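Subject: Structure for you to look at

Hi there,

Here is the structure I promised to pass on. Could you open it alongside this note and follow the points below?

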Amino acid sequence: VSKTWPVAPTAFSYFRGTHQSGNVASLASDDGNYLVALMGNVPIATEPPVQLEVEGTAPTGEVLGVELRAVAKVNTPGLSQRLYLFDWVANSYVQVGATQGSTMADSLHVGSATGAFANFVQAGTRKVKAKVAFVMTGPTAVFVWTTSVDQVQWNIRVR
């Protein structure tokens with residue numbers, strides 16, 4: 001018998017971007033309590049100026065599926081959102097979702113792993129990692145833009 005478990009982040013950090021407000025509890029539920037970041041400087045124009053990295057702990061069992069869900073909004077049009085899951089075997093992030101045109105109101109974005117699902121859960125520790133990134137894909141109404149993430153959650157199906 002398999003069951004899907006929701007997994008909330010237990011830690012976060014920014015690879016790019018500057019933390020403005022909120023904490024790890026801000027990511028636990030879709031409740032209007034946001035984790036807010038200011039865009040950061042990037043050495044390469046195609047690199048996302050905001051890259052939020054989150055960690056959590058997967059339930060015990062044989063991993064049959066991994067999904068990443070993020071509820072977020074931005075303060076200007078012209079931005080897109082990308083979702084990544086960390087592959088512990090390849091030791092790198094894998095893009096599992098992308099949206100063209102993030103919204104200025106809360107919107108849900110979902111990405112799912114394919115292939116060897118167990119690769120997305122660290123053996124032994126059951127640790128999971130993900131990244132939610134925002135990149136400019138068009139003209140923006142403001143030069144210094146922010147992102148507000150309301151919830152990040154894995155849905156992990158195990159047997």
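A word on terms before the sheet: two strands pair if DSSP finds at least two bridges between them. Strands are DSSP runs of E with at least two residues, helices are runs of H or I with at least four residues, and both are numbered from the N terminus. This is a predicted model, in which local features need pLDDT of at least 70 and side-chain atom pairs count only at pLDDT 80 or more, while totals for chains, interfaces and linings use all residues. Residues are numbered from 1 along each chain as its sequence is written, and side-chain values use heavy atoms, with hydrogens and water left out.

First, the overall picture. The protein has eleven strands and zero helices. The radius of gyration, taken over C-alpha atoms, is to be set against a globule rule of 2.2 Å times the number of residues to the power 0.38. The protein comes out at 15 Å, close to the 15 Å from the rule for 159 residues, so it is as compact as a globular protein of that length. Its C-alpha trace spans about 50 × 30 × 25 Å along the principal axes. With contact meaning heavy atoms within 4.5 Å, 77% of the contacts between residues at least 6 apart in sequence join residues at least 24 apart.

Five strands form an open sheet in the order 2-5-10-7-8, with antiparallel pairing. Strand 2 (11-16) and strand 8 (92-99) are the edges, each pairing on one side only. Strand 5 is joined to strand 10 by eight bridges, and Glu-55 stands opposite Lys-129 in strand 10. Seven bridges link strand 7 to strand 10, where Leu-83 faces Val-132 from the opposite position. Strand 7 also has seven bridges to strand 8, and here Leu-85 stands opposite Val-94. Four residues lie between the strands in the hairpin of strand 7 and strand 8, and Asn-91 takes a positive phi near 55° in that hairpin.

Burial is worth a look too. Taking buried as under 20% relative accessible area, exposed as over 50% and partly exposed as in between (1.4 Å probe, protein chains only), 46% of the 159 residues are buried. Strand 7 is largely enclosed by the rest of the structure, because eight of its nine residues are buried.

A nonpolar core here is a set of buried Ala, Val, Leu, Ile, Met, Phe, Trp, Tyr and Cys residues joined through side-chain atoms within 4.5 Å. The largest one has 33 residues, and Val-66, Leu-85, Phe-134, Trp-154 and Ile-156 have the most contacts inside it. Strand 6 gives the largest share of this core, six residues. Leaving aside neighbours within four places in sequence, Ile-156 touches residues including Trp-5, Val-7, Val-63, Val-66 and Val-128.

Gln-153 is buried, with a relative accessible area of 16%. Its side chain makes polar contacts (pairs of N or O atoms within 3.5 Å, one able to donate a hydrogen and the other to accept it; residues adjacent in sequence count only if both atoms are side-chain atoms). One goes to the side chain of Asn-155 at 2.8 Å, and another joins the side chain of Gln-151 at 3.2 Å.

Best wishes
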